[in-house]
Amino acid sequence: RQIAGNALDYLRPGGRLIYITCSVFREENEMVSRSLAEGAGASLTEEKLINGMAHEADSMYVAVLERKTN
């Protein structure tokens, strides 16, 4: 959370940060991405849980955070 939060500070207006984990837990995914967006004045523009179990692979969470333009 701290690393991603620091990176958000350097985004230009309209810039995007892609937050990805190999976790399926809400407290490591949705809750973190929402907290990051709120703390940095960013929008959570997209998020998806990729279920890798059907392909005998890891599952992943992906979120796109975009710095708001003032």
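1. L36 is buried in this predicted model, because its relative accessible area is 6%, and buried means under 20%. The residue sits in helix 2.

2. With neighbours within four places in sequence left aside, L36 is in contact with R1, A4, G5, L8, Y19 and L65. Y19 is 17 residues away from L36 along the chain, and the C-alpha atoms of the two are separated by 9.8 Å.

3. L36 belongs to the largest nonpolar core, which has 12 residues: A4, L8, L11, L17, Y19, V32, L36, A37, A40, Y61, A63 and L65. At least two residues of this core are supplied by each of helix 1 (2-8), strand 1 (16-21), helix 2 and strand 3 (60-67). Helix 2 gives the largest share, four residues.

4. L17 is another member of this core. Leaving aside neighbours within four places in sequence, L17 is in contact with A4, A7, L8, L11, A63, V64 and L65. Among these, A4, L8, L11, A63 and L65 are listed in the core as well.

5. E30 deserves a separate look. This residue is found in helix 2, which covers residues 30-40. E30 is buried but has no salt bridge. Why is there no salt bridge? The nearest side chain of opposite charge, R26, is 4.5 Å away, and a salt bridge requires a side-chain nitrogen of Lys or Arg within 4 Å of a carboxyl oxygen of Asp or Glu.

6. Beyond neighbours within four places in sequence, E30 is in contact with F25, E47 and Y61. One of these, Y61, is part of the largest nonpolar core.

Technical notes:
Residues numbered from 1 in each chain as written. Predicted model: local features only at pLDDT ≥ 70, side-chain atom pairs only at ≥ 80, totals over all residues. Heavy atoms only, no water. Buried < 20%, exposed > 50% of the residue type's maximum accessible area, 1.4 Å probe, protein only. Lys, Arg positive; Asp, Glu negative; His and termini not counted. Contact = heavy atoms within 4.5 Å. Core = buried A, V, L, I, M, F, W, Y, C linked by side-chain atoms within 4.5 Å.
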